Amino acid sequence: MNVILFGPPGAGKGTQAERLVSTFGFEHLSSGDVLRAERKSGTALGAKVAGYMDSGALVPDDIIIEVILARVLKASAEKRSVLLDGFPRTLVQARKLDEALAKAGTAVDVVLSLVVPDGLIVERITGRRISPSGKVYHVKYNPPKVPGVCDETGEKLVQRPDDTEAVVKQRLDAYHAQTEVLESYYCAKGVLKQVDGTQDIEVVARQMSDLVRAFAR
Ligand code: AP5
């Protein structure tokens, strides 16, 4: 099964991915996490994408398509269910994904679109804290038991460098200019399901799980 988690920056994709992975055992492919791991490892690819990410722009299609499709195809070949988070983000990426899946004899089953207005995004992103191993918190909406410390690992929580108000505005601009159009693309294919992402995290998680169950085949 191939599921896409879709929505603007800070809509809750990573938060919901964590829950869907634990319920359904998906292979989680987060394009942002893949790019951040490349940067952390100091690879040539990491150096190439750093400027785009830090400014809030999308990285070029050819780079991200190569990186993500290789992982999607590997998972498909191994018959694993995939949860895509942050990819695709442009029409070019969406079409390449469809082509690659069709060649592998499969398709996108459902696109879970988190609907959150821009007005909520800045507060969500500037209040986000993450553990070095990737667990997501929010100082107000999803706080750790001890402020600044991961509940699971005891690691110190940090802020992403692109989680400043100025960069969030650029990321939102990129979303509206290049990514939002994918809602119509997937709606026309009959696979788009919208979920109100302003609800409580666990309410959103239940609704998403119900949708995944309905589409499981
Ligand atoms: P990426 O890492 O994908 O960032 P993003 O899409 O901007 O998404 P975020 O990770 O910021 O947010 P999220 O939706 O996962 O929200 P979260 O669950 O953390 O991409 C980073 C960069 O990489 C891009 O800018 C681009 O440069 C590049 N890139 C990546 N993919 C690319 C692609 N395909 N093409 C080109 N470039 C690409 O939640 C946010 C906060 O809100 C958290 O604190 C959370 O606790 C809180 N929260 C979540 N849900 C709720 C709720 N229901 N109520 C209250 N608070 C909530």
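Helices are DSSP runs of H or I with at least four residues, strands are runs of E with at least two, and both are numbered from the N terminus. The model on display is predicted, so local features are described only at pLDDT of at least 70 and side-chain atom pairs only at pLDDT 80 or more, while totals for chains, interfaces and linings use all residues. Residues are numbered from 1 along each chain as its sequence is written, and side-chain values use heavy atoms, with hydrogens and water left out.

**Stop 1: Ser-209**

Select helix α9, residues 201-215, and find Ser-209 within it. Ser-209 is buried, because its relative accessibility is 9%; the term buried means under 20% relative accessible area, exposed means over 50%, and partly exposed lies in between (1.4 Å probe, protein chains only). Which residues does Ser-209 touch, apart from those up to four places away in sequence? They are Leu-20, Thr-23 and Phe-24, where contact means heavy atoms within 4.5 Å.

**Stop 2: helix α3**

Move to α3, residues 44-55, and colour Leu-45, Gly-46, Val-49, Ala-50 and Met-53, which are buried. These residues lie on the same side of α3 because they cover an arc of only 145° around the axis; the arc is that of the directions from the helix axis to the C-beta atoms. To see what they pack against, display α2 (31-40), α4 (61-77) and α7 (165-179). Then turn to the face directed away from the buried side, where Ala-44, Ala-47 and Lys-48 are exposed. Directly after α3 comes Gly-56, with a positive phi near 90°.

**Stop 3: the ligand**

Select the ligand and the 34 residues around it; Thr-15, Ala-57, Arg-89, Arg-128 and Arg-171 come nearest. A residue belongs to this set if one of its heavy atoms lies within 4 Å of the molecule. By class, the shell comprises 14 nonpolar, 12 polar and 8 charged residues. In this classification Ala, Val, Leu, Ile, Met, Phe, Trp, Tyr, Cys and Pro are nonpolar, Asp, Glu, Lys and Arg are charged, and the others, Gly among them, are polar.

Which element supplies the largest share of the shell? It is α2, with 4 residues. At least two shell residues come from each of α1 (13-24), α2 and β6 (136-138).

Three polar contacts may be picked out here, a polar contact being a pair of N or O atoms within 3.5 Å; within protein, one atom must be able to donate a hydrogen and the other to accept it, and residues adjacent in sequence count only if both atoms are side-chain atoms. A polar backbone atom of Ala-11 is 3.2 Å from a ligand oxygen, and a polar backbone atom of Val-59 is 3.0 Å from a ligand nitrogen. From the side chain of Arg-128, a polar atom lies 2.5 Å from an oxygen of the ligand. The protein buries 97% of the 1000 Å² that the ligand exposes when taken alone; accessible areas come from the Shrake-Rupley method with a 1.4 Å probe, and for residues only the protein chains shown count as cover.

**Stop 4: His-138**

In strand β6, select His-138. Is His-138 buried or exposed? His-138 counts as buried, at 8% relative accessibility. A polar side-chain atom of His-138 lies 3.1 Å from the backbone oxygen of Glu-123, and one lies 3.1 Å from the backbone nitrogen of Tyr-141. Beyond its neighbours within four places in sequence, His-138 is in contact with Glu-123, Arg-124, Gly-127, Arg-128 and Pro-143.

**Stop 5: the loop between β6 and α7**

Leu-157 lies in this loop and is buried, with a relative accessible area of 9%. Its contacts, with neighbours within four places left aside, include Arg-129, Tyr-137 and Pro-144. A polar contact of 2.6 Å links the side chains of Thr-153 and Glu-155.

**Stop 6: two backbone features**

Select Phe-87 and Pro-88, which are joined by a cis peptide bond with omega about 0°. Pro-88 is placed in the loop between β3 (82-85) and α5 (91-103). Finish at Lys-79, in the loop between α4 and β3. Lys-79 is not a glycine, yet its phi is positive, about 60°. With a relative accessible area of 75%, Lys-79 is exposed.
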